[in-house]
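Try each task before reading its solution.

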Amino acid sequence: MTECQPLLQLYGVSKTFADNTVLDALDLTIYDGEFLTLLGPSGCGKTTVLRIIAGFEQQDQGQVLLDDKDISILKAEHRPVNTVFQSYALFPHMSVYDNIAFGLKMHKVAKEEINERVLEALRMVRLESFAQRKPHQLSGGQQQRVAIARAVVNRPRLLLLDESLSALDYKLRQEMQVELKRLQRQLNITFVYVTHDQEEALSMSDRIVVLNKGKVQQIGTPREIYETPVNLFVARFIGEINQFDGHVVRRIDDKHVEVTAEGADWVVQTDYPFAVDDKVHVLLRPEDVRLTKPELAENTVHIEGHIHECNYKGKTLDSYIRLSTGTNVIASEFFDEDDPDFDYRLGQKVALQWITGWEVVLPYEQTI
Amino acid sequence: MNKQFNQFRFWAIGLATSWLALFVLVPSLMVLVTSFLTRDADFLIQYQFSLEGWKSVLDPSFISLLWDSVFMAMMTAAICLSIAYPFSICLMGLPQRWRSIILFLLIVPFWTNSLVRIYAIQFLLGKKGLINQGLEFIGLIDKPLDLLYSQFAVIFGLSYILLPFMILPIYSSMEKLDFKLLDAAKDLGANATERLLRITLPLTLPGIIAGCLMVILPAMGMFFVADLLGGSKHALLGNVIKNQFIQTRDWPFGAALSILMIALLSFMLWLYYRATKMSNRAGGINDSNF
């Protein structure tokens, strides 16, 4: 992302539906030309953000600025913003062509230009030969593409996509993810994508906004979100993660502290100014866990446990380990075909370790 | 499938079929045959082939009568539609609980015989009726208007009786309308009028057609409404038929009229069937095919 010009800004946007606070003083800046994903569990307010930007919903408080101008007073039909709906919402009584031309007709674009732009949009989503079909004669993926074409043909400043891929099957979804990325780059339109699917968010976005209970939890690139989550919610919501609770024993230098957790003392890397005796969470992704035979780990810091479940995942082998302290851990390892000892027996004793710096250390959260 | 069930099915279907055959099909055939017989002053009909009954149908005086009847039915449908459509739109804006209550209230008058309700309208429209008295009271008129025994009164009565038949199919087609489509239209820049004309109206057209048929079909036959509110001048097709059988005693003509009416209604039902079939296939009425 090269441009860093703010396109749309939300300031202190709040929304309450019948005593239920959906958005709580939300601040958010969307930059021109980026692919931004709003990610969160259902009921986190992500769709409400979209509906407020689109103009279907009016915020109770706060401002919505587009190019530094407040658009709160504009009706939905007058905002330079288009939406791709979750259920596509294609007009069933119109052909694909008429569906795509609808927005241009409403904006009184000249006939020849409408024709030109509709054909261009059809080409872009590779549906040239389907112009005269009715929506019900198309497959789910094709309907999806018509919905996208119908929105982008208007050249909106901002394209809002509301869980737009969730109705497609896994394979088609993967294809459409790539397609969406391609379209976004080609059109250079700012995309705001709403999803509860963290995998989708990671693979498509320039930036991800993690929402929970109407509040922004973290904003960052997919990598930042995945590798350095700022709180337990983000850590747990994105991918799988192992959690060890412990406390700081001593500080080593300004980047490292020693933490005791699960009956062992670990040197961990952290930027937080932890003091001795501070309670902390040490978090570790399953793919960062190293499992070895206990006799090989004797001279290094490790935790012992035994395998109580193995899950063959194709690319990886996921092992479920119960530590001697009772904590459950998941380890996800790539196959090493050259290693004859790779497969685990159920009940086998293993030593668990990781490389310092791969863990995430967070301050203790009371609510958990 | 067991034998007992088969037997049950045989009797259930058989009974219904023979009932319909005996009391619907046979009488209809008798009417059809009657329309080709000769009129007789003493015995009503003579068993002798004749086209006199059908010739009367083509009589100019009757054609104008038929046109009158069709006109009144159409006007009734137009009035019902212009009330029912906005009413249904408003209804959709209410919470579900209120919608059910209002629809219920709409049905309540049906528990009273429609004849009784037409008598009530007679009182309402009469020279000393509520409307005339009210208009006189506020000083809009000096002497009572001739509201009763006019075409207006007949259309008024028919509209009153048949309005729910227009509202129910329109409301049900609106309930089926996906409101996301209206959001989508709004999102694409359509204002309220354009949303109504381009989305709501075409997608509720099956409901509109059904409603019109359910008003027009009975409207042509409700002779008692014309009898009580229209006097002798403003007759519906139903009145003409009734008169041929009971007063004029021209059974072949009455029978021919009955057949004509059945044919007319069947044709409209066929149109409706075509329209809904098309809309089922296309998820709405296709404007290029319709």
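## Exercise 1: a sheet in chain A

This is a predicted model, and we begin with a pair of strands. In chain A, strand β4 (residues 61-66) pairs with β5(A) in the antiparallel sense over 2 bridges.

**Task.** Which residue stands opposite L66(A), and in what order do the 4 strands of the open sheet run?

**Solution.** 
1. Start from L66(A): the residue facing it is K69(A), in β5(A).
2. Now widen the view to the whole open sheet, whose 4 strands are ordered β2-β1-β4-β5 (chain A), with antiparallel pairing.
3. Strands β2 (20-31) and β5 (69-70) of chain A pair on one side only, so by definition they are the edge strands.

## Exercise 2: a salt bridge within a helix

**Task.** Why are R117(A) and E113(A) separated by about one helical turn?

**Solution.** 
1. Locate both residues in helix α3 (residues 111-124) of chain A.
2. They are 4 residues apart there, which means a separation of about one helical turn.
3. Check the contact: the closest N and O atoms of R117(A) and E113(A) are 2.9 Å apart, inside the 4 Å cut-off for a salt bridge.
4. For context, the count over all chains is 26 salt bridges.

## Exercise 3: annotated spans in chain B

**Task.** How much helix and strand is there over residues 66-272 of chain B?

**Solution.** 
1. Take the record first: an unreviewed UniProt entry assigns "domain: ABC transmembrane type-1" to residues 66-272 of chain B.
2. In the model, that span is 78% helix and 0% strand, with its end C-alpha atoms 22 Å apart.
3. The unreviewed UniProt entry also lists "transmembrane region" features in chain B, including residues 12-37 and 70-94.
4. Residues 12-37 of chain B are 88% helix, with end C-alpha atoms 37 Å apart. For residues 70-94 of chain B, the values are 92% helix and 36 Å.

## Exercise 4: a nonpolar patch

**Task.** Which helix gives the largest share of the nonpolar patch?

**Solution.** 
1. List the members: L94(B), W98(B), I101(B), F104(B), L105(B), I107(B), F110(B), W111(B) and L168(B) make a nonpolar surface patch of about 850 Å².
2. Helix α4 (residues 96-107) of chain B supplies the largest share, 5 residues.
3. F110(B), by contrast, sits in the loop between α4 and α5 (114-125) of chain B.

Technical notes: Residues are numbered from 1 along each chain as its sequence is written. Chains are lettered from A and ligands numbered from 1 in the order in which they are written. This is a predicted model: local features need pLDDT of at least 70, side-chain atom pairs count only at pLDDT 80 or more; totals for chains, interfaces and linings use all residues. Side-chain values use heavy atoms; hydrogens and water are left out. UniProt positions are given in the numbering used here, feature names are shortened, and annotations may be inferred rather than shown by experiment. Two strands pair if DSSP finds at least two bridges between them. Patches are made of residues with over 30% relative accessible area and no salt bridge: like charges are joined within 9 Å, nonpolar side chains (Val, Leu, Ile, Met, Phe, Trp, Tyr) within 5 Å. Accessible areas come from the Shrake-Rupley method with a 1.4 Å probe; for residues, only the protein chains shown count as cover. A salt bridge is a side-chain nitrogen of Lys or Arg within 4 Å of a carboxyl oxygen of Asp or Glu.
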